[in-house]
Amino acid sequence: MFYFLQQMKLFLLLVVMGTVSAEIQDLSGKMLTFPQQTKTAHAKLRPIKQGYNTVTVCHRSFTDIKRDHALFSLSTPSSPNSFLIFWQNTNGQIQPHVREGKADYGGWDYKPNMWHSVCTTWDSVTGLVQIWFDGLPSIRKYVTTGSITGLAVAILGQEQDSHGGGFDINQSFVGMITDVHMWDYTLSPCEIQHYMGELSFTPGNVLNWSALDFEIIGNVLTENKITVCH
Ligand SMILES: *[C@@H]1O[C@H](CO)[C@@H](O)[C@H](O)[C@H]1NC(C)=O
Ligand SMILES: *[C@@H]1O[C@H](CO)[C@@H](O)[C@H](O)[C@H]1NC(C)=O
Ligand SMILES: [Ca+2]
């Protein structure tokens with residue numbers, strides 16, 4: 001009987017812990033801090049919808065690392081780079097990847113030690129991608145046509161070489177990330193400007209920072225974004 005009760009307690013504890021980690025949280029005003037370089041620490045985000053013909057992804061990040069790193073990594077079982085936003089340091093390029101396609105965007109002032117807002121749009125019919133960096137649009141480039149299908153997993157802090165894993169410490173992110181949103185449609189330039197200016201905009205219907213279904217693995221902290229004195 002005692003043994004049974006102990007087992008029940010353990011079971012209930014696991015249920016409670018499971019519920020907590022699967023909880024949907026409002027992260028408005030919060031950021032995720034990735035305080036050390038590891039090949040394991042990350043946040044795993046579960047999209048509300050699966051299967052995308054059109055994508056917009058926006059995020060803000062703050063770092064001082066001077067090497068390659070992933071800002072946003074979404075994989076599906078058939079394609080680890082289904083939707084990846086990558087900083088390639090050697091050539092100083094932001095590289096949006098969509099499945100097997102990739103575009104190189106150079107010429108941005110990607111300064112360390114400050115927030116940068118990045119939005120990326122892509123359409124499966126034209127195959128065109130475009131990024132917006134701190135309010136400025138890039139040219140529109142061809143990456144690939146055809147939808148993103150299969151169970152998507154979005155990861156912050158690491159770059160996926162396989163579905164949900166295959167991390168490389170030399171592509172990990174160190175710093176802070178906030179305001180991650182994903183839509184299954186293209187935001188208008190006006191809506192993107194609203195996001196960039198931290199004004200009012202329609203939250204993502206695929207990933208919504210104000211109602212985020214996510215899980216933390218390793219040393220990643222949820223902290224307040226605003227750090228002004230009163
Ligand atoms: C990461 O980069 C460092 C410095 O360039 C290198 O010594 C190390 O072998 C790299 N590690 C991996 C796993 O590629
Ligand atoms: C995002 O989350 C907020 C807070 O729960 C909610 O009010 C809003 O409707 C959500 N937006 C979308 C598009 O799901
Ligand atoms: Ca990689």
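In what follows, buried means under 20% relative accessible area, exposed means over 50%, and partly exposed lies in between, with a 1.4 Å probe and protein chains only. By that scale Lys111, with a relative accessible area of 43%, is partly exposed.

Good morning. The structure under discussion is a predicted model, in which local features need pLDDT of at least 70, side-chain atom pairs count only at pLDDT 80 or more, and totals for chains, interfaces and linings use all residues. Residues are numbered from 1 along each chain as its sequence is written, chains are lettered from A and ligands numbered from 1 in the order in which they are written, and side-chain values use heavy atoms, with hydrogens and water left out.

Glu159 and Gln171 are 12 residues apart, and each is placed in the loop between β13 (153–156) and β14 (175–183). Strands are DSSP runs of E with at least two residues, helices are runs of H or I with at least four, and both are numbered from the N terminus. Both Glu159 and Gln171 are buried.

Gly164 is also located in the loop between β13 and β14. With 29% relative accessibility, Gly164 is partly exposed. Its C-alpha atom is 8.5 Å from that of Thr76, although 88 residues separate Gly164 and Thr76 in sequence.

Which residues are around ligand 2? They are Pro203, Gly204, Asn208, Ser210 and Ala211, where a residue is near a molecule if one of its heavy atoms lies within 4 Å of it. A polar side-chain atom of Asn208 is 2.4 Å from an oxygen atom of the ligand. A polar contact is a pair of N or O atoms within 3.5 Å; within protein, one must be able to donate a hydrogen and the other to accept it, and residues adjacent in sequence count only if both atoms are side-chain atoms. Ligand 2 exposes 360 Å² when taken alone, and the protein buries 46% of that; these areas come from the Shrake-Rupley method with a 1.4 Å probe. The shell comprises 2 nonpolar residues, 3 polar ones and no charged ones, with Ala, Val, Leu, Ile, Met, Phe, Trp, Tyr, Cys and Pro counted as nonpolar, Asp, Glu, Lys and Arg as charged, and the others, Gly among them, as polar.

The third topic is charge pairing. Side chains of opposite charge can pair when their charged atoms come close. How many salt bridges does the structure hold? There are 9, a salt bridge being a side-chain nitrogen of Lys or Arg within 4 Å of a carboxyl oxygen of Asp or Glu.

One of them joins Glu215 and Arg46, at 3.2 Å from N to O. This pair links distant parts of the chain, 169 residues apart: Glu215 belongs to strand β15 (residues 212–217), and Arg46 to the loop between β3 (42–45) and β4 (54–62). Glu215 counts as partly exposed because its relative accessibility is 27%, and Arg46 likewise counts as partly exposed, at 31%.

Glu198 and Lys225 form another, at 3.4 Å from N to O. Glu198 sits in the loop between α2 (189–196) and β15, Lys225 in the segment after β16 (221–224), and the two are 27 residues apart. Lys225 is buried, because its relative accessibility is 15%. A network of salt bridges links Arg60, Asp179, Glu198 and Lys225.

Asp179, in strand β14, has a positive phi of about 50° although it is not a glycine. At 8% relative accessibility, Asp179 is buried. Glu198, also not a glycine, has a positive phi of about 55°.

Strand β14 also contains Thr178, which is buried at a relative accessible area of 0%. Thr178 and His59, 119 residues apart in sequence, have their C-alpha atoms 6.2 Å apart in space.
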